[in-house]
Amino acid sequence: MTQTSSRPYVLSIAGFDPSGGAGLLADIKTFEANEVYGLGVCTGLTFQNDIAFERVNWVGLPDILEQCRLLFERFTIDYVKVGLFEHLHLLPPMIDWLKERNPTIKIIWDPILRASAGYEFHRHYAQELLDQIFAGIYLLTPNIPETQLLQPASKPEQGAEMIAQHCPVYLKGGHQIVEKIADETFSSVIDILFNGNERQEFKSERIENGEKHGSGCVLSSAILANLAKGQSLEDACQSGKKYTTQFLGSNPTLLGFHRISG
C-alpha cells in the first residue's frame, strides 16, 4: 500500500445521486472541503434529483468489494463511511471484509432507510442483525425518524441510549428548543452524542430556509474527515456540526454549497 498524499485517505461506500446533493458526490465534496482525500465506492445508481426519487439500480456485494479491493491494495484507509445499501444483512460481511484488511479501521454508518422524497429502502429490522451491525462500527449517525425505525419501541433519545451500549450514536436534531429574548424568539437545534453512558450536546441556531438535500450525508462525512485528521470523537462531532451548519446556511435552495476550510 502507498500514501502519496499529505492528506489522509478516507472512503465513502454509498449511492450515486446525480444531483450531487447526497451520496458519493456529496461525500467527496465534503471530504475535499475538510482537507482529506476522498475515495468512493458505489453501492447503487439512483434516479433522482433534489426533490424526487424514482428508483435505484443496485450494485451487488461482490462488485462493491471488488471496488474496495483495488483501493485497499493501493491506499492506506483507516476511516470509512457507509451510506445507502441494498440489504442490511449484507452489512456484516462487508464490515468483516473491511476489518480483515485493516483491523483498526473505523466505520461510520449513516443509516439511509428512507429517501426524503418518501422512497423506502428497508422495511424489516431484525434486532439481532442490527446489534451485529452496531457492534462492528465506530459511530452511528441517525436522525430522529431513523432512530425510531431502528428502535421502534422507544422515544428517539431512549433508543439512541440503547444503541449506544453497542456503539456511539450521534443523534441528529436530537431536540429543538425555543428561547425568547426580549421580543424575539430564537429556535435552536441540539444534536446529541451518546457514548456508552455519557452524552454531549451540540447546539446550533435553526437556520431559516436551511433545509438541504443530503445534509445527513454531509454531517457524517465531515465527522469522518475530522476523525481522519486526528481529532477525538467529541471534537470531530463538534467540527462536523460546525461545517454542516455552514453548509445549511450557504444558500436558500435545497442544494448547499461546500466551502474549503479556512
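Colleague: Which residue just after α7 takes a positive phi?

Modeller: Gly-230 does, with a phi of about 100 degrees. Keep in mind that this is a predicted model: local features need pLDDT of at least 70, side-chain atom pairs count only at pLDDT 80 or more, and totals for chains, interfaces and linings use all residues. Residues are numbered from 1 along each chain as its sequence is written, and side-chain values use heavy atoms, with hydrogens and water left out.

Colleague: And α7 itself, how many residues does it have?

Modeller: Helix α7 has 14 residues, 215–228. From first C-alpha to last it reaches 20 Å, close to the 20 Å expected at 1.5 Å a residue. The expected span is 1.5 Å times one less than the number of residues.

Colleague: Is α7 enclosed or exposed?

Modeller: It is largely enclosed by the rest of the structure, because 13 of its 14 residues are buried. Buried means under 20% relative accessible area, exposed over 50%, and partly exposed in between (1.4 Å probe, protein chains only). Cys-217 is buried too, at 8%.

Colleague: Cysteines, then. How many disulfides does the search find?

Modeller: Zero, over the whole structure. The test is a pair of cysteine sulfur atoms within 2.5 Å. Cys-42 is also buried, at 13% relative accessibility.

Colleague: Switching topic. How many salt bridges?

Modeller: Nine. Each is a side-chain nitrogen of Lys or Arg within 4 Å of a carboxyl oxygen of Asp or Glu.

Colleague: Which residues are linked in a network?

Modeller: Glu-66, Arg-69 and Glu-73. In the Arg-69 to Glu-66 bridge, N to O is 3.0 Å. Those two are three residues apart in helix α2 (residues 61–74), so about one helical turn separates them. Both are partly exposed: Arg-69 at 28%, Glu-66 at 40%.

Colleague: Which pair links distant parts of the chain?

Modeller: Look at Glu-157 and Arg-199, whose closest N and O atoms are 3.2 Å apart. Glu-157 sits in helix α6 (residues 156–163) and Arg-199 in strand β9 (residues 198–205), 42 residues apart. Glu-157 is partly exposed at 25%, and Arg-199 is partly exposed at 39%.

Colleague: What does Glu-100 pair with?

Modeller: Arg-101, in a salt bridge of 3.2 Å, N to O. Glu-100 is exposed at 59%, while Arg-101 is partly exposed at 38%.

Colleague: Which residues form the nonpolar patch on the surface?

Modeller: Phe-16, Leu-25, Leu-45 and Phe-47, with about 300 Å² of accessible area together. Patch residues have over 30% relative accessible area and no salt bridge; like charges are joined within 9 Å, nonpolar side chains (Val, Leu, Ile, Met, Phe, Trp, Tyr) within 5 Å. Areas come from the Shrake-Rupley method with a 1.4 Å probe, and for residues only the protein chains shown count as cover.

Colleague: Where is Leu-25?

Modeller: In helix α1, residues 23–33.

Colleague: Last one. How many helices and strands overall?

Modeller: Eight helices and nine strands. They are DSSP runs numbered from the N terminus: helices are H or I of at least four residues, strands E of at least two. Of the 262 residues, 50% count as buried. The accessible surface comes to about 12,400 Å², of which 50% belongs to carbon and sulfur atoms.
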